[in-house]
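This report covers the fold of a single protein chain.

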Amino acid sequence: MENPQEDLYREVIMDHFKNPRNKGLLPEPQIKVKGVNPFCGDELELTLDIKDGRVVAVGIETQGCAISKASSSMMAEVLTGKPAQVLTDWVAFLKTKLVDGSADAWPAELEELKAIEGVRNYAARVKCALLPWNTLVEGLQEFAAQKGGKVTLTHTEEAS
């Protein structure tokens, strides 16, 4: 029996996989960080420009599976204009939602990410979906450290 919601989610994932948003690296980013999933070989490089505590530009290059690429593209799409402080909270939410499903309802800004929620049933795929988000946290933490703590991050849990 077909599930229209699952079909829609598959379409969203495939659209982001085939047509990644914000593809390409920024020429002179304030944040440049690489992420690797050693279990499957997915890799990405994330570049961000931040001004007045907000993300003003995103560039990303991803090599890996459809889930990793789609999650990277979805992330790149929602980051622009957002304050750095909220981003680590989003990562904490995603980790909870994808690992055990216990998080609350999806925030409106992350609504499209419901498409990757199905990876929760496949532990290896959770790491693929979270790779860009964990890499984002790492980059934000490095940026905050370089700025002497001027960018306050509300959630500093180690990326897993």
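Helix 3 is followed by G101, and the phi of G101 is positive, near 75°. The model is predicted: local features need pLDDT of at least 70, side-chain atom pairs count only at pLDDT 80 or more, and totals for chains, interfaces and linings use all residues. Residues are numbered from 1 along each chain as its sequence is written, and side-chain values use heavy atoms, with hydrogens and water left out.

Helix 3 covers residues 84–99, 16 residues in total. Its first and last C-alpha atoms lie 23 Å apart, close to the 22 Å expected at 1.5 Å a residue. That expected span is 1.5 Å times one less than the number of residues. Helices (H or I, at least four residues) and strands (E, at least two) are DSSP runs, numbered from the N terminus.

Which residues of helix 3 are buried? They are A84, L87, T88, W90, V91, A92, F93, L94, K95, K97 and L98. Buried means under 20% relative accessible area, exposed over 50%, and partly exposed in between (1.4 Å probe, protein chains only). The cover over these buried residues includes strand 3 (54–63), helix 2 (66–79) and helix 4 (123–146).

**Overall layout**

The protein has 4 helices and 3 strands. Along the sequence they follow the pattern α-β-β-β-α-α-α. Of the 160 residues, 44% count as buried. Contact means heavy atoms within 4.5 Å. Among contacts with a separation of 6 or more, 58% come from residues 24 or more positions apart.

The 3 strands form an open sheet in the order 1-2-3, with antiparallel pairing. Strand 1 and strand 3 are the edge strands, each pairing on one side only. The twist averages 15° from one strand to the next. Two strands pair if DSSP finds at least two bridges between them. The two pairings are listed below.

| Strands | Sense | Bridges | Residues between strands | Turn residue, positive phi |
|---|---|---|---|---|
| Strand 1 and strand 2 | antiparallel | 6 bridges | 6 residues | G41, about 95° |
| Strand 2 and strand 3 | antiparallel | 9 bridges | 2 residues | D52, about 55° |

Both pairs are hairpins. K32 has T47 in strand 2 as its bridge partner. V36 stands opposite E43 in strand 2. E43 in turn has Q63 in strand 3 as its bridge partner. L44 stands opposite T62 in strand 3.

How do the side chains of strand 1 (residues 31–36) divide between the faces, and which face is buried? I31, V33 and G35 point to one face and are buried. Strand 2 is mostly covered, with 7 of its 9 residues buried.

N37 sits in the loop between strand 1 and strand 2. Is N37 buried or exposed? N37 is buried, because its relative accessible area is 4%. Leaving aside neighbours within four places in sequence, N37 is in contact with D42, K127, C128 and L131.

**Helix packing**

Helix 4 lies across strand 1 and strand 2, and runs at about 140° to strand 1. Axes are lines fitted to C-alpha atoms, for helices over the stretch in contact; angles run from 0 to 180 degrees between N-to-C directions. The axes of helix 2 and helix 4 come within 8 Å and cross at roughly 35°.

On the helix 2 side, I67, S68, S71, S72, M75, V78 and L79 make the contact. They meet R125, C128, A129, L131, P132, W133 and L136 in helix 4. The residues of this contact divide into 10 nonpolar, 3 polar and 1 charged. Here Ala, Val, Leu, Ile, Met, Phe, Trp, Tyr, Cys and Pro count as nonpolar, Asp, Glu, Lys and Arg as charged, and the others, Gly among them, as polar. C128 and L131 of helix 4 meet helix 2, and C128 and L131 are also in contact with N37.
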